[in-house]
Amino acid sequence: MWGAAQEPEAATMEQGLEVALTDFQSAWNNVQHHTDEISSDRLLVRRGQAFNITLYFRNRGFQPGLDNIIFVAETGPLPDLSNGTRALFGLTGHHGPSPWIASLETNGASSLEVILCAPPVAAVGRYLLKVHIDSFQRSVTAYQLGEFILLFNPWCPEDSVYLDSEPQRQEYVVNDYGFIYQGNKNWIHPCPWNYGQFEETVIDICLELLDKSLNFQIDPATDCALRGSPVYISRVVCAMINSNDDNGVLNGNWSENYLDGINPAEWTGSVAILKEWHATGCQPVRYGQCWVFAAIMCTVMRCLGIPTRVITNFDSGHDTDGNLIIDERYDSMGRILENKKKDSVWNFHVWNECWMARKDLPSGYGGWQLLDATPQERSNGLYCCGPASVRAIKEGEVELNYDTAFAFSMVNADCMSWLVYRGKEQKIHRDTNTVGNSISTKGIQSDDRDDITENYKYIEGSPQEREVFLKALQKLKAGRSEDPHQADSQHSTPEPRSGDGLWRLHTPSLRPRDIVQVSLKFQLLDPPHMGQDISFVLLALNMSLQFKDLKVNLSAQSLLHDGSPLPPFWQDTAFITLSPEEAKTHSCRIPYSQYSRYLSTDKLIRISALGEEKSSPEKILVDKIITLAYPAIIINVLGAAVVNQPLSIQVLFTNPLSEHVEDCVLTVEGSGLFKKQQRVLIGVLKPQHRASITLETIPFKSGQRQIQANLRSNKFKDIKGYRNVYVDLRL
């Protein structure tokens with residue numbers, strides 16, 4: 001970046017050194033600082049790492065004994081030496097009073113190349129660089145040299161976000177696409193996502209987001225001074241991704257009514273959302289759910305230079321009262337009832353991990369920190385969660401900042417089941433294994449899924465896991481003067497859980513002959529595809545030496561991914577007689593015509609069976625979560641992908657339903673491949689119809705890229721597909 005020096009702030013004396021031009025060497029510096037993907041025209045550097053600029057003089061060259069040059073770097077609306085948002089530093093090498101460094105590289109006849117370096121603790125953000133020149137004690141002349149942006153530096157060992165693995169830095173800072181895992185623990189499905197953190201204007205939107213925060217609005221000077229701390233920045237960003245307290249980026253919506261916005265399932269990337277937020281004067285974009293909040297947070301944090309990844313927790317606890325118990329209630333058909341207390345187990349929940357040192361915590365709790373931008377509970381008055389040390393979560397150190405107790409409950413709360421019958425509630429089971437399964441993130445420089453459950457908890461059922469749970473419970477009790485749920489929070493030995501979602505629901509004081517000794521289990525006969533009937537069997541096994549007469553109530557209901565039940569749409573009753581040690585199956589089929597009207601966007605169906613035996617008061621509950629799958633969009637790249645050369649991309653998609661669908665829209669995007677998201681109006685698709693379109697684009701960035709596509713209609717919202725593409729620099 002070349003810049004003419006602005007008019008001096010004081011008149012120059014004859015023979016005083018005059019700056020004519022400044023070259024920020026943006027293209028070269030940005031490559032060295034891993035910011036060349038953002039821009040080659042303006043300077044973006046990382047703290048703790050040197051960068052070069054060249055000053056060109058109008059009248060003569062720099063004379064070391066005659067001329068004294070002082071650089072000034074300022075950030076924020078109220079730059080101040082005492083709080084670190086203003087720095088003065090001369091050409092003194094490494095021994096000056098300021099932590100900022102300037103040293104002479106090359107002194108030419110009429111130019112001066114200087115090496116500058118911001119300290120590894122400097123506040124990140126937009127800086128103005130000035131220079132004061134004092135030539136032989138004549139009046140001081142001051143010039144504005146230009147603006148630059150300073151970012152966190154995970155390549156610098158002295159930076160608190162330093163990550164010592166280059167493959168991890170490439171994945172968690174540089175990679176601009178990835179996968180967010182959805183579905184359920186038995187059917188984990190990758191959703192492709194375009195993070196696009198290096199797309200044009202995204203860095204400016206990220207800095208605007210910091211300036212729109214409540215912290216900045218209330219006290220801009222202090223806010224800017226604290227921007228050197230990744231702990232502070234991460235909490236500010238986390239609160240700004242949702243819009244519950246401020247004009248944050250996204251409005252959350254779990255109502256299934258998205259008529260005045262975009263269904264969260266339709267998004268395929270962060271860039272379109274951030275650009276819409278900026279273009280509308282920072283009005284929250286409608287709508288997001290947990291994976292969209294986490295994806296936007298990932299984009300912003302990677303853009304600022306903090307290593308970040310997106311995490312999915314299957315069967316995620318939401319404990320509203322902090323007693324590490326999730327209460328779930330069932331009716332006599334085994335159907336989930338709406339929970340008045342709002343405790344719930346989310347089918348999956350998505351958050352972030354950011355890598356940073358934690359000097360505010362005891363030693364050993366740095367590294368990956370959980371941050372959850374989905375607005376669930378307040379933290380110090382704002383809807384944000386974290387950073388909570390992942391190691392602290394695993395060890396049950398729930399008193400450590402920030403929000404570690406809530407984070408612990410998401411992965412390790414116990415579930416209490418209650419049977420609601422004739423107005424009475426009966427405590428029937430406590431399950432220690434349900435919450436926190438298959439905790440997943442994208443692999444390092446791979447499309448494979450990494451299971452990182454062991455980072456969050458010891459093996460379920462192990463002595464360490466129970467010890468940690470009890471330690472966390474004791475710490476929470478000690479932190480509260482009074483616990484209204486203390487009776488429910490006492491540790492009890494859990495009953496065994498067998499099969500896929502099977503509980504034995506005990507009543508008090510059962511005699512040995514009352515125990516049913518029957519196992520129930522669901523088994524799907526075919527993979528569950530959208531548009532097709534769901535066929536399954538209930539497997540009943542008599543494990544005793546007596547005859548058993550069972551009555552089994554079966555039902556099906558849709559769920560939202562946050563665990564909220566929708567009204568039941570199918571039920572059946574089976575009467576099964578079992579001889580000693582006999583197994584029988586009861587076949588079931590739910591037609592598409594029956595479930596289609598009741599399905600949520602999450603495509604989740606819970607089938608359940610509540611069984612009872614004539615001679616026993618004991619009941620058995622079994623359930624199974626089914627996620628209905630769509631046929632993926634297929635993307636073909638026609639020919640070699642080369643920077644600045646035309647490229648044809650074929651997109652093939654299918655209407656999976658045996659009925660017409662209307663209002664079909666295909667969206668396609670990909671950082672470095674498309675300048676903006678492509679929207680193609682398809683209109684009507686006939687039943688089972690297969691169609692294709694070809695798009696033309698000109699790639700503008702080299703390297704590994706990804707194309708993401710989504711097809712929506714009036715009947716479905718999120719048929720997705722992706723294709724990885726390697727773009728060569730030249731033919």
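D414 lies in strand 20, which spans residues 414-421. The model is predicted. D414 has a relative accessible area of 0%, so this residue is buried. D414 is also one of the residues under a UniProt "binding site" annotation, from an unreviewed entry.

**The annotated residues**

- In the unreviewed UniProt entry, the "binding site" annotation covers N412, D414, E460 and E465.
- These residues are spread over 54 residues of sequence, yet they cluster in space. The largest C-alpha distance among them is 11.8 Å.
- What does D414 touch, leaving aside neighbours within four places in sequence? D414 is in contact with L324, I325, I326, R430, D431, T432, R466 and F469.
- E460 sits in the loop between helix 11 (453-456) and helix 12.
- Is E460 buried or partly exposed? Its relative accessibility is 24%, so E460 counts as partly exposed. Buried would require under 20%.
- Leaving aside neighbours within four places in sequence, E460 is in contact with N412, T432, N433, V435 and E465. Two of these contacts, N412 and E465, also carry the annotation.

- Helix 10 covers residues 404-412. Eight of its nine residues are buried, so the helix is mostly covered.
- The buried residues are T404, F406, A407, F408, S409, M410, V411 and N412.
- The axes of helix 10 and helix 12 (residues 463-478) come within 12 Å. They cross at roughly 145°, and the crossing is left-handed.
- Which residues meet where the two helices touch? From helix 10 come A405, F408 and N412. From helix 12 come E465, V468, F469, A472 and L476.
- By class, this contact has six nonpolar residues, one polar and one charged.

**Salt bridges**

- Side chains of opposite charge can pair when their charged atoms come close.
- How many salt bridges does a search of the whole structure find? The search finds 35.
- D204 and R126 form one of them, at 3.4 Å from N to O. D204 is in helix 3 (residues 202-211) and R126 is in strand 9 (residues 125-135). They are 78 residues apart, so the pair links distant parts of the chain.
- D204 is partly exposed, with a relative accessible area of 22%. R126 is also partly exposed, at 33% relative accessibility.
- K442 and E171 meet in a salt bridge at 3.0 Å, N to O. This pair also links distant parts of the chain. K442 is in strand 22 (residues 437-442), E171 is in helix 2 (residues 166-174), and they are 271 residues apart.
- Both K442 and E171 are buried.
- D223 forms a salt bridge with R227, and their closest N and O atoms are 2.7 Å apart.
- Why do D223 and R227 count as buried? D223 has 3% relative accessibility and R227 has 6%. Buried means under 20%, so both values qualify.
- A network of salt bridges links E37, D176, E199, K701 and R705.

Key
Residues numbered from 1 in each chain as written. Predicted model: local features only at pLDDT ≥ 70, side-chain atom pairs only at ≥ 80, totals over all residues. Heavy atoms only, no water. Buried < 20%, exposed > 50% of the residue type's maximum accessible area, 1.4 Å probe, protein only. Helix = DSSP H or I, 4+ residues; strand = E, 2+ residues; numbered from the N terminus. Salt bridge = Lys/Arg side-chain N within 4 Å of Asp/Glu carboxyl O. Axes fitted to C-alpha atoms, helices over the stretch in contact; angles between N-to-C directions. Left-handed = near helix turned anticlockwise from the far one by under 90°. Contact = heavy atoms within 4.5 Å. Nonpolar A, V, L, I, M, F, W, Y, C, P; charged D, E, K, R; others polar. UniProt positions renumbered as here; feature names shortened; annotations may be inferred.
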